[in-house]
Amino acid sequence: LRQQIEKTKKMEAVTHMAAAISHEIRNPLTSAKGFVQFVSEDDNLAQTQKEYLSIALQELNQAETVIRDYLTFSKPSIISVEEINVSEELNNTLKILQPLSNLNSVQVKTDLTLPGQIQGDRHKFHQCFFNIIKNCIEAMPSGGQLYVKTMNKGTNILITISDTGVGMSEQQIHRLGEPYYSTKEGKGTGLGMMVVYSIIRAMNGTISVKSEINKGTTFLISFPRKV
Ligand code: ADP
Ligand code: MG
């Protein structure tokens with residue numbers, strides 16, 4: 001029992017820390033980025049200075065990405081169990097990612113006419129689908145279609161997310177969820193899918209992936225419906 005209490009305490013500390021990082025470090029990071037960007041627009045800079053500022057900016061962007069993949073929706077509490085309105089939460093996630101889909105000329109289609117609910121941690125649910133959908137949008141840098149659908153299947157709720165993006169080989173699919181596995185040279189963290197898999201596991205869900213190079217990718221995620 002004492003070990004269990006120790007473990008819970010540790011988990012609580014980590015979650016607190018996650019929330020603190022996402023809230024307390026994000027703002028100064030954004031502000032630092034703004035100033036670096038501002039200085040780099042000065043016409044009187046030497047070439048080397050420009051280069052150094054550009055490296056600084058890249059590094060700041062990378063730090064921001066790590067926080068986003070890991071901690072965006074963390075909150076200071078132990079994993080909570082609440083009712084999640086799947087369709088509503090997916091709509092929220094899509095809204096947050098709207099600027100990115102606009103930037104990539106991605107058309108978003110949804111079929112979210114689902115009355116059902118699942119049980120779990122709403123913030124983690126957000127983080128999970130934010131990471132999946134962001135990957136889908138990033139897989140379509142010059143446009144495409146994102147499709148998000150929910151349906152009831154037996155005692156489960158099935159969520160389908162598909163893109164018409166670059167796709168993955170069998171081998172790439174296999175490596176999904178491996179820490180630091182990323183094909184986005186310098187722009188990715190390779191932590192997004194790892195977080196996705198761990199959240200789905202924690203919420204008693206399953207995930208499967210179908211993909212074809214240059215055709216697109218489909219993620220099928222299933223959770224037990226709340227009875
Ligand atoms: P990151 O996005 O930072 O690279 P992730 O863990 O989110 O890390 O994803 C790991 C890798 O999986 C990506 O770099 C990409 O190669 C591949 N991937 C994930 N989702 C998709 C997708 N929808 N289409 C094509 N490739 C994908
Ligand atoms: Mg990602």
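This briefing describes helix α7 and a group of aromatic rings. The structure is a predicted model. Helix α7 spans residues 192–202, and the aromatic cluster consists of Phe125, Phe129 and Phe223.

- The buried residues of α7 are Gly192, Met193, Val195, Val196, Ile199 and Ile200.
- These residues lie on the same side of α7, because the arc they cover around the axis is only 155 degrees.
- Arg201 and Ala202 are exposed and sit on the face of α7 turned away from its buried side.
- The packing partners of the buried residues are the helices α2 (47–71) and α5 (122–138), together with the strands β6 (206–212) and β7 (216–224).

**Aromatic pairs**

- With ring centres within 6.5 Å as the criterion, the count comes to three aromatic pairs.
- One of them, Phe125 with Phe223, is tilted, at 6.1 Å centre to centre and 50 degrees between the planes.
- Phe125 belongs to helix α5 and Phe223 to strand β7, so this pair ties together parts that are 98 residues apart in sequence.
- Phe125 counts as buried at 0% relative accessibility, and Phe223 is likewise buried, at 1%.
- Phe129 and Phe223 form an edge-to-face pair, because their planes stand at 65 degrees, with the centres 6.4 Å apart.
- Phe129 also lies in helix α5, so its pairing with Phe223 of strand β7 links parts that are 94 residues apart in sequence.
- Phe129 and Phe223 are both buried.

Terms used. Residues are numbered from 1 along each chain as its sequence is written. Chains are lettered from A and ligands numbered from 1 in the order in which they are written. This is a predicted model: local features need pLDDT of at least 70, side-chain atom pairs count only at pLDDT 80 or more; totals for chains, interfaces and linings use all residues. Side-chain values use heavy atoms; hydrogens and water are left out. Buried means under 20% relative accessible area, exposed over 50%, partly exposed in between (1.4 Å probe, protein chains only). Helices (H or I, at least four residues) and strands (E, at least two) are DSSP runs, numbered from the N terminus. The arc is that of the directions from the helix axis to the C-beta atoms. Contact means heavy atoms within 4.5 Å. Rings of Phe, Tyr and Trp (its six-membered ring) pair if their centres lie within 6.5 Å; planes under 30 degrees apart count as stacked, over 60 as edge-to-face and the rest as tilted.
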